[in-house]
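Dear colleague,

Please find the structure below for your records.

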Amino acid sequence: MAGWSSEFSATDIVPFTIMDEPLAIYRKEDGTLAALEDLCPHRLAPLTVGRKEGDELRCMYHGLKFAADGRCTEIPGQERISSKVCVRSYPIEEKHGAAWVWMGDAEKADVSLIPPISGPDSTEFAMVCAKFVMKGNAELVADNLLDLSHAPFIHESTFGASNMKSLKLMKEGETKRGTAVLERGVRADRWHAGRQSNPYFGEVPSDDRVISTFLVPGVFILTIHSYAPGVQDRLVDGEPAEEPIFRRCTCQMITPINDTESMFFYNFGPGVERSDLKEHAFAIADAAFAEDKAIIEAQQATIKKVPGRKMIMLAMDQPVLRYNEIYDGLRTKEAAEAAQAPAAAV
Ligand code: FES
Ligand SMILES: [Fe+2]
């Protein structure tokens, strides 16, 4: 993910770095997005300090102009333009109120791989969307989201959990409905029964159904539906037949900026029927994500001091291990395909 749709105006050229590659993202005249490498091939000045001219970008150092497909269309004072004078153009699509860039081979870009997040345009959840730079490797952020057993500790004061007591309650009240390994991620479907209150509207007991999906390359989608206590005894064909008393959703997208920094895009929102709680619910979640940020940044700083030190895996790390297998499998497959590609493609 390269940004929320609202970050791209009709006039600005927005800089954003993904995996150490600087991008210049802008809107064309028809409103669709374009993404070029943020680097004029002449003297390597950034195009983001250049000028948008219709669908093209002009470098404001010596005036070279580039089309949205990366071709150079003008060199001031020179007739012939070699096809070698060009910038890389990246496939970019807008969906669910967000911009998605494909960093790999352009011909392999596939819009069907854009994850089904609930964005600012969701008709189900009233979402508030935000982002911040996390000074941590993207995989540390993924590990954090894959293993929610950190909640009673890190989120002691935000998500209404209080240390060992709530961890014990969480475990005792937890029923696993299913943990599925997907082609491009993992999904867990659980009941957390016996909740006495929630941070959104107070002392309302509930049994919560928590469904979390984590997709490569770093997209987390979580929905929690709270039902009146005992709902698990009233299921019809394994599903609740009653309306939830409260539901909420959060989506979190991790985009690696470089080895030690990631952009953390996130949102949070109640079901549209309780949009009155939108700002209040987001503020709680926002404070919780700041707690994750603090620990991940501290973790990254420690890792820097002890390069090469291995981490240990515990029972709670099962989802992390499963996800890493899928991730590594896809990476290996992609590398093998690249190695087999005809040399002419280079
Ligand atoms: S650096 Fe861009 S035109 Fe010279
Ligand atoms: Fe967290």
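In this message a residue is called buried when its relative accessible area is under 20%, exposed when it is over 50%, and partly exposed in between (1.4 Å probe, protein chains only). The model is predicted: local features need pLDDT of at least 70 and side-chain atom pairs count only at pLDDT 80 or more, whereas totals for chains, interfaces and linings use all residues. Residues are numbered from 1 along each chain as its sequence is written, chains are lettered from A and ligands numbered from 1 in the order in which they are written, and side-chain values use heavy atoms, with hydrogens and water left out.

Overall description

The chain contains five helices and 18 strands; these are DSSP runs numbered from the N terminus, helices being H or I with at least four residues and strands E with at least two. Along the principal axes, its C-alpha atoms fill a box of roughly 75 × 45 × 40 Å. Of the 346 residues in the chain, 43% are buried. A contact means heavy atoms within 4.5 Å; among contacts between residues at least 6 apart in sequence, 53% join residues at least 24 apart. The accessible surface of the chain is about 18,100 Å², and carbon and sulfur atoms account for 55% of that surface (Shrake-Rupley method, 1.4 Å probe; for residues, only the protein chains shown count as cover).

Salt bridges

A salt bridge is counted when a side-chain nitrogen of Lys or Arg lies within 4 Å of a carboxyl oxygen of Asp or Glu. By this rule there are 23 salt bridges.

One of them joins K65 and E53, at 3.6 Å from N to O. K65 is in strand β7 (residues 65-66) and E53 in strand β5 (residues 51-53), twelve residues apart. K65 is buried, at 15% relative accessible area, while E53 is partly exposed at 21%. Both residues belong to a network of salt bridges that links R51, E53, E56, R58, K65 and E74.

A second pair is E139 with R331, whose side chains meet at 3.5 Å, N to O. Because E139 lies in helix α1 (residues 138-146) and R331 in helix α5, this pair ties together parts that are 192 residues apart in sequence. E139 is partly exposed at 39% relative accessibility, and R331 is partly exposed at 42%.

E273 is in the loop between β18 (261-270) and α4, and R247 is in strand β17 (residues 246-258), 26 residues away. Here E273 is partly exposed, at 48% relative accessibility, whereas R247 is buried, with a relative accessible area of 14%.

A buried tyrosine

Y26 sits in strand β3 (residues 21-27) and is buried, with a relative accessible area of 0%. Leaving aside residues up to four places away in sequence, Y26 touches a set of residues including I13, L33, L36, L57 and A67. The C-alpha atoms of Y26 and F214 are 29 Å apart in space, and the two residues are 188 apart in sequence.

A nonpolar patch

I312, L314 and M316 make a nonpolar surface patch of about 330 Å². Such patches are made of residues with over 30% relative accessible area and no salt bridge, with like charges joined within 9 Å and nonpolar side chains (Val, Leu, Ile, Met, Phe, Trp, Tyr) within 5 Å. I312 lies in the loop between α4 (278-305) and α5 (318-340) and is exposed, with a relative accessible area of 68%.

With kind regards
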